[in-house]
Amino acid sequence: MTDITASNFIRQDLAGERPAPIKTTGFVGFVRTQLLNSPTNVLLTLLSALLIWFTVIPALQFLLVDAVWVGKDREACLAQNAGHPVGACWPYITAKFNQLMYGFYPEAERWRVDLTYVLSVVLLVPLLIPRLPAKGLNAGIFFFALPVVAFFLLYGGGLEGFGVSWTASALSVFTDSIDTAGNALVRAGANVPVVGMLFWLLGKLVVLIGTVASLVIWPLLWIRDQLQASHQPVWIDLALTAIVVTGLVFFLGGGARALRTVVGTAATFVGIAIVIAIMGLDRHGLAIVDTRLWGGMLVTLVVSVIGIVASMPIGIALALGRRSTIPLIRFFSIAFIELVRGVPLITVLFFATYMLPLFLPGNMRIDGLVRALVGVALFSGAYMAEVIRGGLQAIPRGQGEAASALGLSWWKTTSFIVLPQALRHVIPGIVNSFISLFKDTSLVSIVALFDLLGSLKASLADPVWATPTTAFTGFAFTGMIYFAFCFGMSRYSLLVERRLNAHRRN
Amino acid sequence: MSIEARLPPPQYALRLKRVLGGKAGWNGIILQILFVAALAWFGYEIVANVRTNLAAQRITSGFGFLNNTAGFDVNQTLISYSGSDSYTRVLIVGILNTLLVSVIGIVLATILGLMIALGRLSPNGLLSRVAGTYVELIRNLPLLFQITFWYLAVLAALPGPRQSISVASTFYLNNRGFIVPRPVEEPGLMPFLIALGVAIVACIGLRYYARRELFVRGHAMRIWPYVLGLLIGLPVMSMLVFGAPVVFEVPVLKGFNFAGGSRIIPEFVALTLALSMYTASFIAEVVRGGILSVHKGQMEAGLSLGLSRGTVLRLIVVPQALRVILPPLTNQYLNLTKNSSLAVAIGYPDLVSVFAGTTMSQTGQAIEIIGITMGVYLALSLITSAIMSFYSWRLGKRLGA
């Protein structure tokens, strides 16, 4: 039996150094673990490298290395003059830059477009940064005030009247139309025996309603005529409207309790007055620039922004209608959504461009851009409705039931409890719709509007700049613009999604 | 004093209220009456305005114009067509061209999309990044931009017929299109087709038999060598006995243009390329999402049962992924079909281009023509989604879900 001494357990000599573990982080690690770790992977790596070699390298060479940067016309971008194979012809972009941005918008008036852009960015950036305060006011100005200001900035023109005059005119058109409809029914019923009697009666009833309505609005029309005859129709009308609306808000809101709302309404009217005064809307405003002269990036942005803003209320209304329990409204919403979603946007645009003018009274002309806007808004509204419906379906029944238990009406339940949650759920989906809408605006070039793509096509036809690489340069430039917008929006939606899902992270 | 049983409230009125007014009851009914009145007034306004406008433009409404002579040519037709044919024929030509570009686009987009999705999922870092870049780049550029790019920049930059890019002196690519050999029918065609048909039927029978064997006797058969043998062997035998089914007429450059062969017009090439590349980027994301949605444990469980990797994929992962993939994939197919209407921008003679474009500008029958066009697309959408939902219904039944 031998003694077991401590020395049996203790090594006498140093262990040899082991090799450092294989690096799995950083570039070397990436290469080791993801590129070259098996024969198949080596092959795939080679394949991808070849792909990159044959696409990215030539693209960079075209855009930067071989590019021509200065020149007056196509001569500079021809290989025999440049002395080397010519890539992108950037002088062409410099020459056509204004056309791509503004179309044929008069040069002296382009500051108006720039000012609109500046205003939009100034209002949009704080809206997009989640940390900044006063989101409600900001959103209100951006979605309601800015479009109006932008319209008068971009299109020009002034006001002839305000709320009272407009209401009076709209109502008088409405009552006239009811009268004609009633008379038409009476005429239709005149020659048919039994059903005709019913028609006749219905027609007389409609005529009666129309007559009563026109008697009711007669004082309003009288006020309008007095206003138009005065020296300052816009200002008097504005003051009148402000008094009437503020008074209504005061009484409907419950008197002094609604002081905040009343002050807000008054402040809104002050704001409107300031805008009118600054832009001289009562003195015919800025010179009118016809929309036929608009083009390039301007049209792309106008169509997409108005499409986005208009598609939201349309989408919300259709989504609520589709989930409504009232049969006819549900049926109408479903039919509208499915009809629009089942056809291509281009047919909707054709519909708006060629059929809409037929639907309007003969003396009413509707602007080409507005027609396209109507088509785009209806189309994206139908898509938006489905996105929002998804959000509505995600709200547990209990939310609505709890609201009912508290005694809230349908309107209050929907607007304060269900919709805010539903919209928050589907922000990524909404942004996706915005992206596709932004891309779809390029289709207006088919109905003879010169958006960014349309202006590009027009500029390519210019013989002054006809070189073998002009087309590629133009597409590269516009492609970068489109990509920057769409990619930016998609990244922003990811950011918002992460922020909204912060509570689900663990 | 006795408590009298109270009568239940009259049910028919309640039921009527529920049916007509939904949950909102009488309020709902009133709302509906107002809604109908507004719609009726709106409809009356539209009809009256259309009447006066059409009368002012001296256009007679109705579908009578469909029988008139079209009087314009179409540069690609699948059925015989000449300028003296009627507008109905134009409509059919347009629908067929739309279908052609949609079907080919769907096939190409599916293949490309699948490849990109697999590339994005691949463990190879470089390949997945290349695929990811493709998806991000293509998805964020408007489709019309891409179509015009292919048409106005790439295809227009191709050389003329005399300097065509040729592959093996049989395929030629130039700015007039893509010129390929044209198949010409030979006497051997009929026996060849019959042999092919017999082979296909035999393969289906074999597969059925193998399944039966597997289920009844638990005996897995390896049938693919037989299938391959049948599919290749029978047609080859028919070709040896009866001669070639078709010969290919090779295009030859004569003067300034090609004689023989078929020409695929550049509009078609540009449209198909752009449509399939664009849709592929969406399909890739759909497929990737579907495959990622299948839990990792499913694969591991299959492997631990001793199945091979391929079998696990084919029998366990893909069917479950398909359930997630199919509905959005259907949407992509529908989108592709609808997007093919952008052909009008480059003049490929699809439905919108020849019918809603040329025919409408010639006849001025805006209402009828846009109505028909929308109707055709609606029908196409409904048919496609019906087919796809039938397929996913069958798939769901097979999965027992």
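Predicted model: local features only at pLDDT ≥ 70, side-chain atom pairs only at ≥ 80, totals over all residues.
Residues are numbered from 1 along each chain as its sequence is written, and chains are lettered from A and ligands numbered from 1 in the order in which they are written. Local features need pLDDT of at least 70, side-chain atom pairs count only at pLDDT 80 or more, and totals for chains, interfaces and linings use all residues, while side-chain values use heavy atoms, with hydrogens and water left out.

Start with the annotations. An unreviewed UniProt entry lists "transmembrane region" for residues 24–44, 90–116, 189–210, 222–248, 268–291 and 369–391 of chain B. UniProt positions follow the numbering used here, feature names are shortened, and annotations may be inferred rather than shown by experiment. Two of these spans can be checked against the coordinates. Residues 90–116 of chain B are 100% helix and 0% strand, and their end C-alpha atoms are 38 Å apart. Residues 189–210 of chain B are also 100% helix and 0% strand. Their end C-alpha atoms lie 31 Å apart. Helices here are DSSP runs (H or I, at least four residues), strands are E runs of at least two, and both are numbered from the N terminus.

Chain A has its own record. The unreviewed UniProt entry places "domain: ABC transmembrane type-1" on residues 297–493 of chain A. That span is 79% helix and 0% strand, with end C-alpha atoms 23 Å apart.

Now turn to a helix that meets partners in both chains, α4(B). Helix α4 (residues 125–139) of chain B packs on helix α8 (residues 266–293) of chain B at about 125°, with axes 9 Å apart. That makes α4(B) oblique to α8(B). Axes are lines fitted to C-alpha atoms, for helices over the stretch in contact, and angles run from 0 to 180 degrees between N-to-C directions. Angles under 35 degrees count as roughly parallel, over 145 as roughly antiparallel, 65 to 115 as roughly perpendicular, and the rest as oblique. The α4(B)–α8(B) crossing is left-handed. A left-handed crossing has the near helix turned anticlockwise from the far one by less than a right angle; clockwise is right-handed. On the α4(B) side, the contact uses Tyr134(B), Val135(B), Ile138(B) and Arg139(B). Their partners in α8(B) include Met277(B), Tyr278(B), Phe282(B) and Glu285(B). Contact means heavy atoms within 4.5 Å. By class, this contact has 8 nonpolar, 1 polar and 2 charged residues. Ala, Val, Leu, Ile, Met, Phe, Trp, Tyr, Cys and Pro count as nonpolar, Asp, Glu, Lys and Arg as charged, and the others, Gly among them, as polar.

The other partner of α4(B) lies in chain A. Helix α2 (residues 39–65) of chain A packs on α4(B) at about 40°, with axes 8 Å apart. The two are therefore oblique to each other. This crossing is left-handed. Leu44(A), Thr45(A), Ser48(A), Ala49(A), Leu51(A) and Ile52(A) meet Leu126(B), Leu127(B) and Val130(B). The contact of α2(A) with α4(B) has 7 nonpolar, 2 polar and no charged residues.

Asn41(A) also sits in α2(A). At 5% relative accessibility, Asn41(A) is buried (under 20% relative accessible area; exposed is over 50%, partly exposed in between, with a 1.4 Å probe and protein chains only). Asn41(A) touches Gln34(A), Leu35(A) and Asn124(B), not counting residues up to four places away in sequence.

Go back to α8(B) for its packing on helix α10 (residues 309–339) of chain B. Their axes come within 8 Å and cross at roughly 165°. That makes α8(B) roughly antiparallel to α10(B). The crossing is right-handed. Residues in this contact include Tyr278(B) and Phe282(B) of α8(B), and Pro328(B) and Tyr333(B) of α10(B). The contact divides into 14 nonpolar, 5 polar and no charged residues.

Where is a helix largely enclosed? In α18 (residues 452–460) of chain A, 7 of the 9 residues are buried, so the rest of the structure largely encloses this helix. Among the buried residues are Leu452(A), Gly454(A) and Ser459(A). Their cover includes α4 (90–102), α11 (297–323) and α19 (470–500) of chain A, together with α5 (143–155) of chain B.

Ala448(A) has a positive phi of about 65° although it is not a glycine. Ala448(A) is in the loop between α17 (427–440) and α18 of chain A, and counts as exposed at 62% relative accessibility. Ala134(A) has a positive phi of about 60°, and is not a glycine either. Ala134(A) lies in the loop between α5 (110–128) and α6 (135–154) of chain A, and is partly exposed at 49%.
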